[in-house]
Every structure is written in C-alpha cells, then in structure tokens.
Amino acid sequence: MQNYPDDQKLGVLVDAAQDAKKQALAIYSQFNVGAALETADGRIYSGFNIESSSYGLTVCAERVALFKALSEGERAFRRIAVATDTDAFCSPCGACRQVMWDYAPDLDVYLVNRAGKMEKHQLRDLIPHAFDNRMLKVPGKDEGKK
Ligand SMILES: [Zn+2]
C-alpha cells in the first residue's frame, strides 16, 4: 500500500484496484485493468476486465465494478480508481464513461499507472456533452401517460 497521509481511504481504494488488476481475465489482450469503486458511504466494489472469445462481449473493469455495486443495491458513488500496467494514465473507454455517467455523474476518477502514480479527473470532464436520459424525452411522445 502506498502512503496517502491525507486520505487513507484513497490508498485503500487504489490498493483494491491494483489487486483486482492482478486477477484480470485479459486472456486475449493481456491488457490487465483493475477498478475499485467507492460508494458515498465508503463501501468498495472492485472489478477487473473479463474478456470473451467473442471479443465484443468483453466487459471492462470499470463496468464490472459498477454493475456489482448496482446489483447489490448501491446507488450513490464517490470515486473510482482504475489501475493499469501502462506508463501512461489509462482513461476509461467511451462505453464505461457512458455507463458511469448514467449512474454516477459526479464521480471522481483516479487513473493509476503501473508505477502507482495517480491522475485525478472529474467524470464530467471525461464525457463532455454526454448523452443521457434527458435526451430520451421526445416531445409529444409521452404526453398523457403516467
Ligand atoms: Zn471500458
């Protein structure tokens, strides 16, 4: 565990992402990713990327962590750490940004490289002009319905 004197819980979150990364089922790409999502009340849900032989069915670490949390009834989230084995800070893919936006628009996103260094972003900066449920309201379509 790295030393995060001002925020020990962040250290726990980063460790959880890095531990998850080691278990990644990146059997085709060898591109291991781990994620750890912290709820508003401090619970942590981790996930790693899970690849399929039908490549398009692969699911990223971020969505695995988020879906685990959602399926356990969690609805309020604070931040997510995403760990990779790259030198660069690897940002979530577009699909993950979209799903995180749908369920956790105020998320802080910590990108963790292989050296354990971090870069912090706001999700809203990673997905500008996002599509979301506000776009699903078609004038006239739902009038008169309850
Ligand atoms: Zn993704």
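Modeller: Before we start, residues are numbered from 1 along each chain as its sequence is written. Because the model is predicted, local features need pLDDT of at least 70 and side-chain atom pairs count only at pLDDT 80 or more, while totals for chains, interfaces and linings use all residues.

Colleague: Why does K22 count as exposed?

Modeller: A residue is exposed if 12 or fewer other C-beta atoms, placed from the backbone, lie within 10 Å of its own, buried if there are 20 or more, and partly exposed in between. K22 has 11 C-beta neighbours inside 10 Å, and therefore counts as exposed. K22 belongs to helix α1, residues 8–22, where helices are DSSP runs of H or I with at least four residues, strands are runs of E with at least two, and both are numbered from the N terminus.

Colleague: What does L126 touch, leaving out residues up to four places away in sequence?

Modeller: Two residues are in contact if their C-beta atoms, placed from the backbone, lie within 7 Å, and on that basis L126 touches S91, P92, R97, V109 and H121. The C-alpha atoms of L126 and P92 are 8.6 Å apart, although 34 residues separate the two along the chain.

Colleague: What makes α2 and α3 roughly parallel?

Modeller: Two packed helices are described by the angle between their axes and the distance between the axes. For α2 and α3 the angle is about 25 degrees and the axes are 9 Å apart, where axes are lines fitted to C-alpha atoms over the stretch in contact and angles run from 0 to 180 degrees between N-to-C directions. Angles under 35 degrees count as roughly parallel, over 145 as roughly antiparallel, 65 to 115 as roughly perpendicular and the rest as oblique; α2 and α3 are therefore roughly parallel to each other.

Colleague: Which residues make that contact between α2 and α3?

Modeller: E62, R63, L66 and L70 come from α2, and C96, V99, M100 and Y103 come from α3. These residues divide into 6 nonpolar, no polar and 2 charged, given that Ala, Val, Leu, Ile, Met, Phe, Trp, Tyr, Cys and Pro count as nonpolar, Asp, Glu, Lys and Arg as charged, and the others, Gly among them, as polar.

Colleague: Which residues of α2 are buried, and what do they pack against?

Modeller: The buried residues of α2 are A61, E62, R63, V64, A65, L66 and A69, and they pack against α1, β1, β2, β3 and α3.

Colleague: Which residues touch the most other members of the largest nonpolar core?

Modeller: A nonpolar core is a set of buried Ala, Val, Leu, Ile, Met, Phe, Trp, Tyr and Cys residues joined through C-beta atoms within 7 Å. The largest one holds 32 residues, and A17, A35, A36, A61, A65, A81 and V82 touch the most other members. At least two residues of this core come from each of α1, β1 (33–39), β2 (44–48), α2 (61–71), β3 (77–84), α3 (94–103) and β4 (108–112). Beyond four places in sequence, the contacts of A35 include A17, A61, A65, A81 and V82.

Colleague: Why does Q30 count as exposed, and why does H129?

Modeller: Q30, in the loop between α1 and β1, has 9 C-beta neighbours inside 10 Å and so counts as exposed. H129, in the segment after α4 (123–126), has 4 such neighbours and therefore counts as exposed. Neither is a glycine, yet Q30 has a positive phi of about 60 degrees and H129 one of about 55 degrees.
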